[in-house]
Amino acid sequence: MALVEVQVPDIGDFDEVTVIELMVKVGDTVKAEQSLITVESDKASMEIPSSKAGVVKEMRVALGDKVKQGSIVLVLEAAGAAAAPAPAAAVAAPAPAAPVAAAPVAAASGPVQVFVPDIGDFKDVVVIEVMVKPGDTIKVEQSLITVESDKASMEIPSSAAGVLKELKVKVGDTVNIGDLLAVLEGIAAVAAPVVTVAAAVAAPVASAPATAQAPVAAVAAAVAAPAHAPGGTTVGLPHASPSVRKFARELGVPLDEVKGSGLKGRITANDIQAFTKAVMSGTAQTKAQAAKAPAASGGGGSELGLIPWPKVDFAKFGPIERKEMGRIKKISGANLLRNAIMIPAVTNHDDADITDLEAFRVSTNKENEKSGVKVTMLAFLIKACVAALKKYPEFNSSLDGDAIVYKNYWHIGFAADTPNGLMVPVIRDCDKKGVLQISQEMGELAKKARDGKLGPAEMSGATFTISSLGGIGGKYFTPIINAPEVAILGVCKSTMEPVWNGKEFVPRLMLPLSLTWDHRVIDGAAAARFNAFLGQILSDFRRVLL
């Protein structure tokens, strides 16, 4: 193993650029050409890739640092690598020529065409922002549009001054060197196309022919002052690197609604992930969601035409103690309120004879004492529910607008009571697991929930949920559906009851079942059949094999 210093390659005609984002940390395994940091100049942001693969041993830059060609970004531990910078041919991009000042000549008015200049080794770059509109007065080198490749975003400046008569591109278009960008009317000044960014140096770069010089009808000396503030956040354009914007597009996240935590309010990949989790958990809404569905507030309810929530000074009636709700209760409370109000829920109550199943469970635990895995009735319930969900697939579905999504996987959530509040871990692919494996996973997840170590991934993706109060007591209750699921099963403590067998009353162990279902997807007859089928499986577990 050898230590390799990864340096900033040739980034074109830039002296010093600011590090605005760190995309790796010590201990990360990086691949060749993987982006390491994002840097920003007055006019462009770009990602600096790694010239080698390996494990990050040391970071040599921090947020806000200034770097240039040859600056050491980090140190990698790479197998079979020489401790020297990568060959320049592998990473260097030709530096764009400096702008050439034209000799002032007589001024004249007339239409001037502005073309996309030489932007390096980029093809079909996407227009992500239009910064001007017809009627605007444009100065030489004023930024007109922002374009983006996989590795860099850049602003395209005007090669002439005048009044914008016609804009030939719009957001979402792809452009290349030489494409007609705009038509100006007024005084024009000769100016060589100003390249505002270098290629993201990840591969050998071939020099592109500089053929996109803008023809001018007349020339004059003009004062060129960039109208777009260098280093500032573009109005209307979220401040984020190209990879972060691509990540947001893949997840469908509206960037303009995400608050950035990076340098100068820059949006990072972690911000995108946090926003996505907040929306999925129900603690946040996108503007599109808010426009589609009425809000349900815990205190007011004015959106539903309800009277305001009562405000009472409880202290005037006696001593009180005020405690702020925990984070988990706040999150779950908002979800429960939304689900209780928005879902037309109905609950069916029934009883299941589990006499024989309980005897089998007890004998199974005796036989497996040495394994340390204790089988609970909930594990059998999960397997029974999977069989019922397969027979009645509408219970294993979700609403998506006017469509119903039927899921061909069976992930079962179970409500776990913890010191911090109710949590719902999810056991995945229950159709492929036996009762012993389900019991083991259930025990591990329940412990993580109690210890506060349950991750978001371990509480997402459920297709059906079981809420069990069997260890506490009670008879029946009405569980609230955990959207976007369409049904939930509540079970209480089993009791020995006299049951008529046609000849006499015999003692049987009966388990109360409470099935709550979404009436938009499921009707009463289907719910009754589901409960009856579930009861048959629990009374004779051999039916699971059918």
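Phe380 counts as buried, with a relative accessibility of 2%, whereas Phe360 is partly exposed at a relative accessible area of 46%; buried denotes under 20% relative accessible area, exposed over 50% and partly exposed the range in between, for a 1.4 Å probe and protein chains only. The model is predicted, so that local features need pLDDT of at least 70 and side-chain atom pairs count only at pLDDT 80 or more, while totals for chains, interfaces and linings use all residues. Residues are numbered from 1 along each chain as its sequence is written, and side-chain values use heavy atoms, with hydrogens and water left out.

A search of the whole structure finds seven aromatic pairs, a pair being rings of Phe, Tyr or Trp (its six-membered ring) with centres within 6.5 Å, counted as stacked if the planes are under 30 degrees apart, edge-to-face if over 60 and tilted otherwise. The ring centres of Phe360 and Phe380 lie 5.9 Å apart with planes at 65 degrees, and the pair is therefore edge-to-face. Tyr392, Phe395, Phe464, Phe530 and Phe533 form one aromatic cluster.

The largest nonpolar core, with 54 residues, has Phe395, Phe464, Ile466 and Leu489 as the members with the most contacts inside it; such a core is a set of buried Ala, Val, Leu, Ile, Met, Phe, Trp, Tyr and Cys residues joined through side-chain atoms within 4.5 Å. Helix 7 gives the most to this core, with 12 residues, where helices (H or I, at least four residues) are DSSP runs numbered from the N terminus. Apart from this core lies another, of 22 residues, among them Val112, Phe122, Val147 and Val175.

Terms used: Helix = DSSP H or I, 4+ residues; strand = E, 2+ residues; numbered from the N terminus.
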